[in-house]
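Dear colleague,

Please find below the structure I promised to hand over. My findings follow directly after it.

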Amino acid sequence: MDSSCEPAAEVPSKQTLLVSKTPETWHITISLYRLFNPKVVYEAVVKSRFPAAFLDPVMQLTGNPLDLQIAARKAVDRAARNTMITKSLPMEFLVSVSPRTQISDSLRTFGFRPADKFVLVVWLHSAPSPPQAELDKLLAVMKGNGEEVSLEKLSELRDMTKIANYYKFDILGPKPDGKEKAKEWTELLIDFVTSQIATKQ
């Protein structure tokens, strides 16, 4: 859709969520980008070391913002206690999303790759919004290489079956075909994934 046909204010392109108030206030801000030159963007992201996690939207959990909030809270808490298992807060967040502890597995499963057509950006910030200088820097990277799109697009990109397989959600078997049963299966998957993230040590 041509974004020039609609006022930008009507497109929910960002969402900011409170993560923690103690011992310090932290937020996450979520935004989604469609990429025209993903390799160029990937190389710039690796080089620039933004204070954000760059995720594959296909594995962006289940669409429950609570998943991202819990993962961010775990990362922030470990940073406050000096018990991080990675070298940066965004990477700690990425590991917190995964039910496993290997950094390489978290990167391979949830991380942004050079061939991805979309990327979900999760900024972690103690101020009410991400640093403007960093936002401007990402905007410069995206100029001609990508565009911010509505977060509503996430529902089209997510692969719930792939997510279920990764989190070993096999209690009810594969996703059923019937609309009502499929809805019930999805709701149970959402609860299961949230529980897995919340209880991971």
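In this predicted model, helix H3 (residues 89-97) packs against helix H4 (residues 103-110) at an angle of about 85 degrees, and their axes are 9 Å apart. The two helices are therefore roughly perpendicular to each other. On the H3 side, the contact is formed by Met91, Leu94, Val95 and Val97, while H4 contributes Ile103, Ser106, Leu107 and Phe110. Of the residues in this contact, 7 are nonpolar and 1 is polar, with no charged residue.

H3 also packs with helix H2 (residues 65-80), here at an angle of about 130 degrees and with the axes 8 Å apart. This angle makes H2 oblique to H3. The crossing of H2 past H3 is right-handed. From H2, the residues in contact are Leu68, Ala71, Ala72, Lys74, Ala75, Val76, Arg78 and Ala79; from H3, they are Leu89, Glu92, Phe93, Ser96 and Val97. This contact comprises 9 nonpolar, 1 polar and 3 charged residues.

I would also draw your attention to Thr86, which lies in the loop between H2 and H3. Its relative accessible area is 10%, so Thr86 counts as buried, the cut-off being under 20%. The side chain of Thr86 reaches the backbone oxygen of Ser88 at 3.0 Å, and it makes a polar contact with the side chain of Glu92 at 2.6 Å. Leaving aside residues up to four places away in sequence, Thr86 touches Met91, Glu92, Val95 and Ile103. Among these, Met91, Val95 and Ile103 also take part in the contact of H3 with H4, and Glu92 belongs to the contact of H2 with H3.

With kind regards

Note on methods. Residues numbered from 1 in each chain as written. Predicted model: local features only at pLDDT ≥ 70, side-chain atom pairs only at ≥ 80, totals over all residues. Heavy atoms only, no water. Axes fitted to C-alpha atoms, helices over the stretch in contact; angles between N-to-C directions. Helix = DSSP H or I, 4+ residues; strand = E, 2+ residues; numbered from the N terminus. Parallel < 35°, antiparallel > 145°, perpendicular 65-115°, else oblique. Contact = heavy atoms within 4.5 Å. Nonpolar A, V, L, I, M, F, W, Y, C, P; charged D, E, K, R; others polar. Left-handed = near helix turned anticlockwise from the far one by under 90°. Buried < 20%, exposed > 50% of the residue type's maximum accessible area, 1.4 Å probe, protein only. Polar contact = N/O pair within 3.5 Å; in protein donor to acceptor, adjacent residues only side chain to side chain.
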